[in-house]
Amino acid sequence: MSATALGGAVGAVARFQIWQIRDSSRWLMVSTFAVNVVGCLLLGAALGYLSGSRAPMLRAGVLGLACGFTTFGFYALHGVTYDAAWHSVLYIVTTPVLSVVALAVGALITRPVAARR
């Protein structure tokens, strides 16, 4: 459990630092979108790489990191409260689709060859 908590703390701090780069509602939405897609890609890659391995602490740390880093709860808030309606719809629709695709791609490109058969 401590690996999950440590990973979550690191992920949350990293996400917060990215948000602090600029102070605008547009940057917050764009960076949240990017964090979700990249976080899902990295989670998929890590889990694909770890598939079949006996590394529960590493797996717990990776899950904590990804879940602390990605921001789907905050994503929903941004989608509902952003001023430009069309951008909100585009943001709400594309983020989960690209995030799921990114997770699958990450898992596929890092999965050991033996596990693919």
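Val 89 is found in helix 5, where helices (H or I, at least four residues) and strands (E, at least two) are DSSP runs numbered from the N terminus. Val 89 counts as partly exposed because its relative accessible area is 44%; buried means under 20% relative accessible area, exposed means over 50%, and partly exposed lies in between, with a 1.4 Å probe and protein chains only. From Val 89 to His 78 there are 11 residues in sequence and 11 Å in space, C-alpha to C-alpha.

The model is predicted, so that local features need pLDDT of at least 70 and side-chain atom pairs count only at pLDDT 80 or more, while totals for chains, interfaces and linings use all residues. Residues are numbered from 1 along each chain as its sequence is written, and side-chain values use heavy atoms, with hydrogens and water left out.

### The whole chain

The protein has 6 helices and 0 strands, and its elements, read from the N terminus on, run α-α-α-α-α-α. Its C-alpha atoms fill a box of roughly 50 × 30 × 20 Å, taken along the principal axes. Of the 117 residues in the protein, 32% are buried. The accessible surface comes to about 7,300 Å², and 74% of this surface belongs to carbon and sulfur atoms; accessible areas come from the Shrake-Rupley method with a 1.4 Å probe, and for residues only the protein chains shown count as cover. Where contact means heavy atoms within 4.5 Å, 73% of the contacts between residues at least 6 apart in sequence join residues at least 24 apart.

### Regions taken from the record

UniProt, in an unreviewed entry, places the feature "transmembrane region" at residues 26-50, 57-77 and 89-109; the positions are given in the numbering used here, feature names are shortened, and annotations may be inferred rather than shown by experiment. Two of these spans can be set side by side.

Helix 2 has 26 residues and reaches 37 Å from its first C-alpha to its last, close to the 38 Å expected at 1.5 Å a residue, the expected span being 1.5 Å times one less than the number of residues. Helix 2 is followed by Gly 52, whose phi is positive, near 80°.

Met 29 is found in helix 2, which covers residues 25-50, and Met 29 counts as buried because its relative accessibility is 7%. When residues up to four places away in sequence are not counted, Met 29 touches His 78, Tyr 82 and Tyr 91. Met 29 and Pro 56, by contrast, are 27 residues apart in sequence and 34 Å apart in space, C-alpha to C-alpha.

Ser 31 also has its place in helix 2, and Ser 31 is buried because its relative accessible area is 3%. Leaving aside neighbours within four places in sequence, Ser 31 is in contact with Ile 18 and Trp 19. Ser 31 and Gln 20 are 11 residues apart in sequence, with 9.9 Å between their C-alpha atoms.

Asn 36 lies in helix 2 as well, and Asn 36 counts as buried because its relative accessibility is 0%. Beyond residues up to four places away in sequence, Asn 36 touches Thr 70, Thr 71, Phe 72, Tyr 75, Thr 95 and Ser 99.

### Helix 1

Ala 9 has its place in helix 1, residues 2-19, and Ala 9 is partly exposed because its relative accessible area is 39%. Ala 9 and Cys 67 are 58 residues apart in sequence, yet 9.6 Å apart in space, C-alpha to C-alpha.

Leu 41, Val 97, Val 101, Val 105, Leu 108 and Ile 109 make a nonpolar surface patch of about 530 Å². Patches are made of residues with over 30% relative accessible area and no salt bridge, with like charges joined within 9 Å and nonpolar side chains (Val, Leu, Ile, Met, Phe, Trp, Tyr) within 5 Å; a salt bridge is a side-chain nitrogen of Lys or Arg within 4 Å of a carboxyl oxygen of Asp or Glu. The largest share of the patch, 5 residues, comes from helix 5, residues 85-110. Val 101 is found in helix 5, and Val 101 counts as partly exposed because its relative accessibility is 46%. An α-helix has 3.6 residues a turn, so residues three or four places apart point the same way.
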